[in-house]
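Please walk through this structure with attention to its side-chain pairings, its backbone exceptions and its surface.

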Amino acid sequence: MGTEPVLVHDGLAVYQRGDGSPVLLMPYPHASGGGPMVGGSLATLLVDNGYQVTTFDPPGQYRSTRPSRVGLDEMVDCAVEALDSMGLTSPVPVLGHSMSALCAFFVTLARPGRVSRLVLVGTPPGSGAALVRYRAMPFHWRPWHPDLWRMVIWGLLLATGHGSLATHKKLDALSNRANFVDPDLAPRVVVEPGDDRRAPPPRDRWWLAVRRVRLVPLARELPRPTLLIVGRHDPQTPLAVSKALHDRIPDSRLCVFERSGHAPFVEEPERFVRVLDGFVLGA
């Protein structure tokens, strides 16, 4: 299946799966996702539809044994290292979903010569005050909603090193339940006995590392054609964010998936592939 690393380069686990048109799929930079990006639903959909997916495990996560710095510069450097290790020296399309879209955005800004086209799926506005401004999760809930306070408290505990593996899993489960129009499609997260005494993944500190990051003010600087994909009912990365980016990115397309939440590649996979092919392959 190609879900094992092709190589581990200086502690960085790099994957390549599938044949056809190459793409770099940025992994989630935090500890959520349930396993290596290469085995997830987005990578599988890409591979099944004729793409060759290159990706990696962020340092300190899954099969990457390299100590983690947990920051944007680290993710940019690892993306370039993954491409180099796979011999991909020509520009390739770069794709990211959710917080990995934020990383793909900054890869394109920092290393435009490695990117031919950029695909951002469910793009966050950044972190901190930007989440409040765009009413992105958890601020899509009313101030008196208990889930808002659960997410804020659990997130702060994890970001500051005071949470547990149980805290991490409960936060993931809460996010998953809210992110799908069809809740039956949400990934299940199981809190196991003893998780409250186990340490959370080290990359839970990501949220603190990017607390001042903003995307919208930098959108005019993106130098590559960009496709923005977003679900109409996405609470985590609201449509307003993608609209604001679309208004500012010099060469961009916006595609709204009317029956989707945060994962249109799960809830409307056939249309997702058609839209992606039309942009990446010019089909």
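D195 and K169 are both buried, where buried means under 20% relative accessible area, exposed means over 50%, and partly exposed lies in between (1.4 Å probe, protein chains only). Their side chains meet in a salt bridge, with N and O 2.9 Å apart; the term stands for a side-chain nitrogen of Lys or Arg within 4 Å of a carboxyl oxygen of Asp or Glu. K169 belongs to helix 6 (165-178) and D195 to the loop between helix 6 and helix 7 (206-209), so the bridge ties together parts that are 26 residues apart in sequence. Helices (H or I, at least four residues) and strands (E, at least two) are DSSP runs, numbered from the N terminus.

This is a predicted model, in which local features need pLDDT of at least 70 and side-chain atom pairs count only at pLDDT 80 or more, while totals for chains, interfaces and linings use all residues. Residues are numbered from 1 along each chain as its sequence is written, and side-chain values use heavy atoms, with hydrogens and water left out.

The count of salt bridges comes to 13. One of them pairs D84 with R114, whose closest N and O atoms are 2.9 Å apart. This pair links distant parts of the chain, 30 residues apart: D84 sits in helix 2 (72-85), and R114 in the loop between helix 3 (99-110) and strand 6 (115-121).

Another salt bridge joins R232 and E258, with 2.8 Å between the closest N and O atoms. R232 lies in the loop between strand 7 (226-231) and helix 8 (239-248), and E258 in the loop between strand 8 (252-257) and helix 9 (264-267), so this bridge ties together parts 26 residues apart in sequence. R232 counts as partly exposed at 37% relative accessibility, and E258 counts as partly exposed at 41%. Elsewhere, salt bridges that share partners join D10, R66 and E81 into one network.

D10 also has a backbone feature to note. Its phi is positive, about 50°, although D10 is not a glycine. The residue is found in the loop between strand 1 (7-9) and strand 2 (12-17), and it counts as exposed because its relative accessibility is 63%. V70 likewise has a positive phi, near 55°, in a residue other than glycine. V70 lies in the loop between strand 4 (51-56) and helix 2. What is the burial state of V70? V70 is buried, since its relative accessible area is 7%.

A further backbone feature is the peptide bond from M137 to P138, which is cis, with omega near 10°. P138 is placed in the loop between helix 4 (129-133) and helix 5 (146-159).

Helix 5 also holds L157. Together with W149 and I153, L157 makes a nonpolar surface patch of about 280 Å². Patches are made of residues with over 30% relative accessible area and no salt bridge, with like charges joined within 9 Å and nonpolar side chains (Val, Leu, Ile, Met, Phe, Trp, Tyr) within 5 Å. Areas come from the Shrake-Rupley method with a 1.4 Å probe, and for residues only the protein chains shown count as cover. L157 counts as partly exposed, at 31% relative accessibility.

T237 lies in the loop between strand 7 and helix 8 and counts as buried, at 1% relative accessibility. Its side chain makes a polar contact of 2.5 Å with that of D234 and another of 3.3 Å with that of H262. A polar contact is a pair of N or O atoms within 3.5 Å; within protein, one must be able to donate a hydrogen and the other to accept it, and residues adjacent in sequence count only if both atoms are side-chain atoms. Leaving aside residues up to four places away in sequence, T237 touches G122, T123, P124, V230 and H262, contact meaning heavy atoms within 4.5 Å.

How many disulfides does the structure hold? The structure holds zero disulfides, a disulfide being a pair of cysteine sulfur atoms within 2.5 Å. C103 is in no disulfide, and its nearest cysteine sulfur, that of C78, is 10 Å away. C103 is buried, with a relative accessible area of 1%. C255 is buried too, with a relative accessible area of 11%.
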